[in-house]
Amino acid sequence: VHVIPNEGLKREAHEAKVFEALALIEKQTGELRWIVLAGYMRLLSEKFVKRFWDPTLGASRIVNIHPSLLPAFPGVDSYERALKAKVRRTGCTVHLVGLGVDSGPILNQATLEILSNDTVDSLKARGLKLEHKLFSETLEDLFTQGAREKVYRFERAVIDNAYDAKAHRVKEFGEIRALSSELYWVQTSQE
């Protein structure tokens, strides 16, 4: 486990430390297939994203979760912005990281009704529970089926309006180890 504090570090300095740790992991394991971001509140540089770019996916092999139904409300304060916009639903999105803010192919989404008495805090609390559930289910799918199939299935399901996240669940999906409190690397023997 590699812990890389990010407080007080500029993006370039933090990413240099992350690259160092990832190089060590690649040397030890022989591969580094996925990076999983969870609560990672930093913008990744183009250099970082391109280091893990997969042309067959049209995105990186970096997975992110975002607290909105992208493309709505990218960036920070998504729940607060959803409340201010008076939308009836929000949710969360798991996506592959692209070169823009909260961009890249969507792997999965879950919807959350906004209640008439919701505050930013109550919406965040309910949203966080949904995020944990969605992230776990999506990562299981991703690490057993591969990203191309997952992206295709999601896009097809949106067209058909028939997506069921539980229909493709499996028990084992590889090993996730903490690289820092907010950045994870994934070693998996399955694609």
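**Reading side-chain pairs and burial**

Trainee: Is E46 buried, exposed or partly exposed?

Mentor: With a relative accessibility of 47%, E46 counts as partly exposed, because the partly exposed class lies between under 20% for buried and over 50% for exposed. Keep in mind throughout that this is a predicted model, and that the percentages are computed from its coordinates.

Trainee: With which residue does E46 form a salt bridge, and how far apart are the closest N and O atoms?

Mentor: The general idea is that side chains of opposite charge can pair when their charged atoms come close. Here the partner of E46 is K50, and the closest N and O atoms are 2.7 Å apart. K50 has a relative accessibility of 46% and is likewise classed as partly exposed. Both residues belong to helix 2 (residues 46-51), where a spacing of four residues separates them by about one helical turn.

Trainee: How many salt bridges does the count come to, and which residue pairs with E113?

Mentor: The count comes to seven. E113 is paired with R89, with 2.9 Å between the closest N and O atoms.

Trainee: Which residue forms a salt bridge with D118, and is D118 buried or exposed?

Mentor: R126 is the partner, at 2.5 Å between the closest N and O atoms. D118 is buried, with a relative accessible area of 13%, whereas R126 is partly exposed at 27%, so the pair should be read residue by residue, with the 20% limit for burial in mind.

Trainee: What polar contact does the side chain of T138 make?

Mentor: T138, a residue of helix 4 (residues 120-145), has its side chain in polar contact with the side chain of N108, at 3.0 Å. T138 itself is buried, having a relative accessibility of 1%.

Trainee: How many aromatic pairs are there, and which residues do the ring pairs link into a cluster?

Mentor: The count comes to two aromatic pairs. In one of them the rings of F19 and F48 have centres 5.0 Å apart and planes at 35°, so the pair is tilted. F19 lies in helix 1 (residues 11-29) and F48 in helix 2, so the contact ties together parts that are 29 residues apart in sequence. F19 is partly exposed at 21%, while F48 is buried at 1%. F48 also forms a tilted pair with F52, with 5.4 Å from centre to centre and 50° between the planes. F52 is buried as well, at 7%, and the ring pairs link F19, F48 and F52 into a cluster.

Trainee: Which residues lie on each side of strand 1 (residues 34-37), and are they buried or exposed?

Mentor: W34 and V36 lie on one side and I35 and L37 on the other, and all of them are buried, which leaves both faces of the strand covered. Strand 1 runs parallel to strand 4 (residues 62-66), and two bridges join them, with I35 standing opposite I62.

Trainee: How many helices and strands does the chain have, and what share of its residues is buried?

Mentor: The chain contains five helices and eight strands, and 42% of its 191 residues count as buried. Among the contacts with a separation of 6 or more, 65% involve residues 24 or more positions apart.

Notes
Residues are numbered from 1 along each chain as its sequence is written. This is a predicted model: local features need pLDDT of at least 70, side-chain atom pairs count only at pLDDT 80 or more; totals for chains, interfaces and linings use all residues. Side-chain values use heavy atoms; hydrogens and water are left out. A salt bridge is a side-chain nitrogen of Lys or Arg within 4 Å of a carboxyl oxygen of Asp or Glu. Buried means under 20% relative accessible area, exposed over 50%, partly exposed in between (1.4 Å probe, protein chains only). A polar contact is a pair of N or O atoms within 3.5 Å; within protein, one must be able to donate a hydrogen and the other to accept it, and residues adjacent in sequence count only if both atoms are side-chain atoms. Two strands pair if DSSP finds at least two bridges between them. Contact means heavy atoms within 4.5 Å. Rings of Phe, Tyr and Trp (its six-membered ring) pair if their centres lie within 6.5 Å; planes under 30 degrees apart count as stacked, over 60 as edge-to-face and the rest as tilted.
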